[in-house]
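The entries below follow the order in which I looked things up.

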Amino acid sequence: MNKQRSKFDQKKKCFAQYITTKAIKRMETYKIRSSTITPKKLLFPLSFGPCSAALLHILDDHLRGQFERMNRNAYELHVVHIHLYLEAADRLESARLLERYKARFPRHTYSSMGLEDALLLDNIDWKSLGMPPPTEQESQKLGTEKLHALVASMPSATSRKDIATTLLTRLLVDVAKRNGCESILFGDSTTKLAEKTLTETAKGRGFSLPWQVSDGLSSYGIGFNYPLRDILKKELVQFSSLTTPPLTDLVAHRDASSNISASSKMTTIDDLMVQYFESVEENYPSIVANVVRTSNKLQPLSGESTTACGLCGLPVSEGTDGIFGWGGDQNSDSRPIKSDSENSVLCYGCSRSING
């Protein structure tokens, strides 16, 4: 019995080391160098899911080891949680869970805010969404009401999910810049990146994949990094139960129907991709990995004049914006010319979300 227990402990240790090594290998950019004086600030979006919980555990242990060896750190984390749920009870539960993270990983800076704070951003074309420009005097209650009204006004469940996701990304970029962070560390697994690859392509944002699934400088002028890009979600779920103490009590399992962008009667493109890749990774994990490796090879078009989309902020090649600007081809010269009166620029994906 003791021998079997010893073998299990050894396997558990090896598996944990395997996961940790893969993640830390992706953090080579932030290792301590002789020129390192001030640690770099990195934003860490905490979703309370198994992947972000696992990554925070790994990075916390990495930073502790750095400090013990060198008496300094190469980077520091600003952990932020964005409330995606509007009900007061959900937000209270999230606040309590965040306090448990603070107690478990006290070396980091923490903050939280609601998704409605994205409605205060002044770099979004609110007119395209039929909304007036934001004002600082708006109360939180009014903000949540406006967010609910905005999401509810979208023509489909996929559109509602897409708008919420877009606002989340824009808000995270704003938080990172306001706090002097040079990069955002996303806890996206191989599985999540594969889902995003096909989801964004299906929504008409295939052009954005070089910035959405690859490590490096994003089109927002801030780095996007995915340390878990080589690890499957099922592996991270298993890892979260093997840590000491386990991370399972820090992981929130929510029904997708409680999300503001979901519909009990309709299935989104995002839902379909989640279901598909969760089934594929069980028996054919190499397919999931190949999707991510292939998308990581994509490069943005160079030499074309671009304008930032008024909603998602991604660069849009001249003549390719809007539903009628996309003809199903990659040659902008063949597309109709916009009239001078059309000042708003929206990418094809955002145009589809707004107009259905």
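Entry 1, strand pairing. I looked up Pro-45 and found it opposite Val-80 in strand 2. I note that the model is predicted: local features need pLDDT of at least 70, side-chain atom pairs count only at pLDDT 80 or more, and totals for chains, interfaces and linings use all residues. Residues are numbered from 1 along each chain as its sequence is written, and side-chain values use heavy atoms, with hydrogens and water left out.

I then took the strands themselves. Strand 1 (residues 40–45) pairs with strand 2 (residues 75–83) in the parallel sense over six bridges. Pairing here requires at least two bridges found by DSSP between two strands. Helices (H or I, at least four residues) and strands (E, at least two) are DSSP runs, numbered from the N terminus.

Entry 2, Leu-42. Which residue of strand 2 stands opposite Leu-42? I found Leu-77 there. In strand 4, Ser-183 is the bridge partner of Leu-42. Strand 4 (residues 183–185) runs parallel to strand 1 and is joined to it by two bridges.

I traced six strands in an open sheet, ordered 3-2-1-4-6-5, with mixed pairing. Strand 3 (109–114) and strand 5 (216–217) are the edge strands, each pairing on one side only.

Angles run from 0 to 180 degrees between N-to-C directions, and axes are lines fitted to C-alpha atoms, for helices over the stretch in contact. Strand 1, helix 2 (residues 50–70) and strand 2 make a right-handed β-α-β unit: with the strands pointing away from the viewer, the path from the first strand over the helix to the second runs clockwise. Helix 3 (residues 88–104) lies across strand 2 and strand 3, at about 170° to strand 3.

Helix 9 (residues 269–283) and helix 10 (residues 285–295) pack at about 120°, with axes 5 Å apart. That angle makes helix 9 oblique to helix 10. I recorded Phe-277 and Val-280 among the contact residues of helix 9, and Ile-287 and Val-291 among those of helix 10.

How values were computed: Parallel < 35°, antiparallel > 145°, perpendicular 65-115°, else oblique. Contact = heavy atoms within 4.5 Å.
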